[in-house]
Amino acid sequence: MDLKSGYPYWSVRNGLIQAFPPLETDLHCDVLVVGGGITGALIADELSAHGHGVTVIEQRDIGWGSTAASTALLQYEIDTHLIDLARQYGEDDAALAYEACAQALPQLRHVTRGLSGVDFKQMDSVYLASKTRHVPVLQAEGAARRQHGLDARWLDRDALRERMGMDGDGALLTRQAARVDPYCLTYRLLERVKRRGGQVHDRTVLHTLQPTARGVTARTEDGMQVRAGHVVLAQGYANQRWLDTRVARNRSSYALITDPLHADELGPLATTMVWESARPYLYLRSTGDGRLLLGGLDDAVDVPARRDRRVDGKADKLMKGLKRWFPSLDPVSAFAWGGTFAETADGLPFFGPHAQWGPRVQFAMAYGGNGITYSMIGAGLLRANIERRRHPLQSLFGFGRLER
């Protein structure tokens with residue numbers, strides 16, 4: 001799949017950090033992780049940290065798919081409001097999903113500890129009411145979150161202006177957010193997997209899977225054979241090709257990053273990300289080197305050539321959105337890009353086995369606006385499945401919820 005257009009900042013900034021050898025021999029392992037993006041890397045790191053022998057294969061260079069295009073806003077907030085999830089799945093399950101995302105943020109902080117160059121930083125998040133009529137909805141959403149012990153404070157017009165220098169009808173302020181360089185983090189995690197004895201192979205394309213009651217045999221396009229106790233398919237949006245029934249729709253999102261700004265210009269944006277209640281929404285956050293990263297303007301385009309042609313126009317609109325929020329800022333756009341992402345009907349991911357493939361082939365489909373947060377949750381969920389332990393989110397984040 002052609003997953004990105006333009007010049008994603010992370011790959012420009014970091015370059016090709018390391019080349020891993022393609023798989024050229026048959027091998028055995030406990031778990032074969034197919035996909036060398038941020039999702040596969042977090043899963044491989046989780047499994048190897050708990051004693052599982054892991055092999056990772058990636059069809060491109062590591063991190064070169066949608067990970068390179070990710071804007072990496074780490075939030076506990078799901079694109080679907082808690083109050084809307086509660087209507088669909090009940091309040092207990094809705095709260096469970098939100099609480100798991102909140103717990104995933106300190107887990108991500110722990111995972112990144114000691115890893116160089118990943119630019120992990122805790123941040124605040126301002127969720128802006130785009131229209132006056134959105135105010136009561138966001139106020140109700142904040143009340144629902146607080147009822148379950150989640151961080152969400154209402155900023156009225158005056159407090160928003162004082163806190164952010166923005167004009168608006170109000171916003172939810174949360175202290176549970178973070179940023180990261182997803183591309184660099186992917187490499188650092190897989191380097192750690194290798195130090196623990198795991199194997200990482202890029203430019204290795206999975207061709208077939210043959211699951212049995214005792215394991216899975218995977219074959220690559222070059223004829224290599226991997227015998228594994230379990231296989232985790234973490235190929236991002238390409239995962240859907242392994243399923244007869246489509247469970248998500250592919251869309252395109254767009255982003256730009258500015259030249260560095262002085263600390264005085266950034267002001268509260270150095271420590272606070274902003275997004276809005278409109279759909280599709282705009283968002284922005286800063287980087288460790290003082291740049292502003294803007295994203296959004298999602299559309300239903302799933303044709304790479306059409307997405308390519310839209311990048312410049314979308315970048316212009318993103319900059320206009322920034323100026324609308326912060327008229328005094330006048331940054332220079334450095335790079336702009338677009339990328340494919342997938343969206344489920346309810347905004348929740350899919351992790352776990354599917355009836356089509358049986359219990360030893362697990363799917364990692366961290367689809368939605370906070371995919372890295374989902375991937376951190378999914379790493380623990382899939383490990384629980386492999387270790388034959390129950391996980392409280394399996395029914396909600398698994399394919400079984402499609403039958404509800």
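**Figure 1. Aromatic cluster of F20, W64, Y183 and Y187 in the predicted model.** In this predicted model, ring pairs join F20, W64, Y183 and Y187 into a cluster. The structure as a whole holds 14 aromatic pairs. Two further pairs are shown in the next two figures.

**Figure 2. The tilted aromatic pair of Y9 and F335.** The rings of Y9 and F335 form a tilted pair, with 6.4 Å from centre to centre and 35° between the planes. This pair links distant parts of the chain, since Y9 belongs to helix α1 (residues 9–14) and F335 to strand β16 (residues 333–343), 326 residues apart. Y9 counts as buried, at 4% relative accessibility, whereas F335 counts as partly exposed, at 24%.

**Figure 3. The stacked aromatic pair of Y127 and W275.** The ring centres of Y127 and W275 lie 3.9 Å apart and the planes meet at 10°, so the pair is stacked. Here, too, distant parts of the chain are linked: Y127 is in strand β5 and W275 is in strand β13, 148 residues apart. Both Y127 and W275 are buried.

**Figure 4. The charged end of R401 over the ring of F350.** In this view, the charged end of R401 sits over the ring of F350. The distance to the centre of the F350 ring is 4.0 Å.

**Figure 5. The salt bridge between R196 and D45.** Side chains of opposite charge can pair when their charged atoms come close. The model contains 25 salt bridges. In one of them, the side chains of R196 and D45 meet at 2.9 Å, N to O. R196 lies in the loop between α7 (182–195) and β8 (199–201) and D45 lies in helix α2 (residues 38–49), so the pair ties together parts that are 151 residues apart in sequence.

Figure 6. Of the 12 residues of α2, 11 are buried, so the helix is largely enclosed by the rest of the structure. The buried residues include I38, L42, I43 and L47, and D45 and E46 are also among them. At 1.5 Å a residue, α2 should span 16 Å, and its end C-alpha atoms are 16 Å apart, which agrees. The helix is followed by G51, which has a positive phi near 90°.

Figure 7. D169 forms a salt bridge with R157, in which the closest N and O atoms are 2.5 Å apart. D169 lies in the loop between α6 (157–164) and β7 (171–179) and R157 in helix α6, so this pair ties together parts that are 12 residues apart in sequence. D169 is partly exposed, with a relative accessible area of 27%, and R157 is likewise partly exposed, with a relative accessible area of 37%. The side chains of R161 and D167 meet in a salt bridge at 3.0 Å, N to O. R161 counts as partly exposed at 36% relative accessibility, whereas D167 counts as exposed at 58%.

**Figure 8. The salt-bridge network of E46, R383, E387 and R389.** Salt bridges that share partners join E46, R383, E387 and R389 into one network. Of these residues, E46 is one of the buried residues of α2.

**Figure 9. The cis peptide bond from R279 to P280.** Most residues other than glycine have a negative phi, and most peptide bonds are trans. The bond from R279 to P280 is cis, with omega near 0°. P280 is placed in the loop between β13 (272–276) and β14 (282–286).

Figure 10. D119 is not a glycine, yet its phi is positive, at about 55°. The residue lies in the loop between α4 (91–112) and β5 (121–128). D119 is partly exposed, with a relative accessible area of 22%. R203, also a residue other than glycine, has a positive phi near 50°. R203 is found in the loop between β8 and β9 (206–211) and counts as partly exposed at 40% relative accessibility.

Note on methods: Residues are numbered from 1 along each chain as its sequence is written. This is a predicted model: local features need pLDDT of at least 70, side-chain atom pairs count only at pLDDT 80 or more; totals for chains, interfaces and linings use all residues. Side-chain values use heavy atoms; hydrogens and water are left out. A salt bridge is a side-chain nitrogen of Lys or Arg within 4 Å of a carboxyl oxygen of Asp or Glu. Helices (H or I, at least four residues) and strands (E, at least two) are DSSP runs, numbered from the N terminus. Buried means under 20% relative accessible area, exposed over 50%, partly exposed in between (1.4 Å probe, protein chains only). The expected span of a helix is 1.5 Å times one less than its number of residues. Rings of Phe, Tyr and Trp (its six-membered ring) pair if their centres lie within 6.5 Å; planes under 30 degrees apart count as stacked, over 60 as edge-to-face and the rest as tilted. A charge sits over a ring if NZ of Lys or CZ of Arg is within 6 Å of the ring centre and within 35 degrees of the ring normal.
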